[in-house]
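The following exercises are intended for a reader meeting this structure for the first time. Each one sets a task and then works through the solution step by step.

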Amino acid sequence: MRIVMICSSPGIGLVPYPVELAIYFREHGHEVYAIAGAEKEYEIGLHARLSKANIPLHYVPCIDSSYGWLNPTRNMLRSLLSKLDPDVVHYWGPRNAFQGYLWWQRKQPIRIAMIGSMGHVKGISPGVRIAASIANRSLDRVLGLCEIEVDRLLKVGIDPKKVGIMHFPLACSRNLEYARDGYRLGKAEVLKKHRVPNGKKLLAMFAHFHPHKGHELLLSSFTKLAPDFPDWDLVLGGDGVTVERCRTMANKLTNRVHFVGRLPHDEVMRLLSLCDAAVHPSFVETYGFSMLEPLLFGLPSVITHVGIAQELERASVAIVVEPKDELAFSQGLRRLLRNDEDIRAMGARGREYVLKTFDTPVISEQLLSLYSSMM
């Protein structure tokens with residue numbers, strides 16, 4: 001198959017999950033082309049990995065800008081796709097699908113998008129309705145990232161005949177290698193680098209500091225529970241608009257909450273893998289890599305019923321509570337911090353479940369099967 005993969009996100013540049021898919025497809029004998037809107041990359045090394053895999057990377061600036069994307073005369077992406085003549089074009093939303101729709105050609109490639117944001121906001125705005133209409137026109141298959149997202153896509157008006165489900169791939173082997181780097185360096189050395197004291201059990205949350213991520217709920221609950229669990233500290237990674245407010249809340253817990261700032265992905269994985277448990281109290285999520293990564297490292301977790309949590313709850317690999325419910329979250333957190341045999345077993349199940357369900361080879365094979373069936 002000749003596959004074109006849109007590998008960048010507006011304002012971010014190259015992002016890991018489409019790069020991982022592109023490399024897998026190339027390694028398994030397919031002709032693959034990558035497209036990005038800018039030369040930036042979310043994490044260092046993505047350009048180099050595409051180059052090493054002999055995947056041509058084309059830059060199409062219009063896909064990195066929201067300005068004028070509805071203008072049908074902006075044919076940069078269309079012209080490139082017409083030249084490449086792919087069997088499949090893999091998009092990540094209706095906008096790029098419209099930009100790449102070859103309206104003058106009778107023969108169209110198969111057009112698939114994995115959508116993770118179109119329906120996650122409350123209410124259905126006119127803009128979302130327009131996006132749904134464009135998706136129905138420009139795509140052959142619209143794949144939600146999880147069960148909750150599929151329900152949202154149907155509610156905003158996506159044609160039910162086109163809707164399916166496909167999880168984002170998690171680069172398990174690469175993340176586990178980062179973890180092994182941390183083990184080789186030693187826990188004491190990794191914690192020292194990030195000014196986290198050694199000797200305590202560590203509860204971790206790595207997420208952008210934004211009101212919908214639930215940091216304040218976490219700090220409120222941990223403050224109440226901290227006297228009962230003196231052997232646990234809290235590690236918070238990331239930055240954002242609520243970080244200063246959270247620092248103020250943490251002042252009540254002298255030397256029990258450690259802010260490590262925004263770290264590169266590899267350092268996050270090393271530090272996270274050396275923690276003992278994780279939390280994700282978000283109010284809104286379209287998927288949730290930060291819910292899956294702790295499970296990959298065998299960390300028991302408390303998460304809220306957003307994004308991929310519905311699948312995780314059914315698999316019994318995490319404690320799942322309703323968003324914004326401080327009582328339920330505190331009860332779940334207390335259970336987690338007790339760290340009894342059932343909790344540790346949950347962490348062990350989580351690792352196996354993530355490897356079997358979300359690893360890049362698993363998702364890649366599912367996508368190749370879908371491409372083939374549609375061809």
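## Exercise 1: The surroundings of Ser-220

Task: State which residues Ser-220 is in contact with, leaving aside its neighbours within four places in sequence.

Solution. Step 1: With those neighbours left aside, Ser-220 is in contact with Met-249 and Glu-326, where contact means heavy atoms within 4.5 Å. The model is a predicted one, in which local features need pLDDT of at least 70 and side-chain atom pairs count only at pLDDT 80 or more, while totals for chains, interfaces and linings use all residues. Residues are numbered from 1 along each chain as its sequence is written, and side-chain values use heavy atoms, with hydrogens and water left out.

Step 1: The side chain of Ser-220 makes a polar contact with the side chain of Glu-326, at 2.5 Å. A polar contact is a pair of N or O atoms within 3.5 Å; within protein, one must be able to donate a hydrogen and the other to accept it, and residues adjacent in sequence count only if both atoms are side-chain atoms.

Step 2: Ser-220 is found in helix α9, residues 215–225. Helices (H or I, at least four residues) and strands (E, at least two) are DSSP runs, numbered from the N terminus.

## Exercise 2: The cysteines

Task: Determine how many disulfides a search of the whole structure finds.

Solution. Step 1: The search finds 0 disulfides, a disulfide being a pair of cysteine sulfur atoms within 2.5 Å.

Step 1: For Cys-146, the nearest cysteine sulfur is that of Cys-172, 17 Å away. Cys-146 is buried, with a relative accessible area of 0%; buried means under 20% relative accessible area, exposed over 50%, and partly exposed in between (1.4 Å probe, protein chains only).

Step 2: For Cys-246, the nearest cysteine sulfur belongs to Cys-275 and is 17 Å away. Cys-246 is also buried, with a relative accessible area of 0%.

## Exercise 3: The open sheet

Task: Give the order of the strands in the open sheet of 6 strands.

Solution. Step 1: The order is β12-β11-β10-β13-β14-β15, with parallel pairing.

Step 1: The edge strands, each pairing on one side only, are β12 (257–261) and β15 (319–321).

Step 2: Within this sheet, β13 (residues 277–280) and β14 (residues 301–304) pair over 3 bridges. The bridge partner of His-280 in β14 is Ile-303.

Methods:
Pairing = 2+ DSSP bridges.
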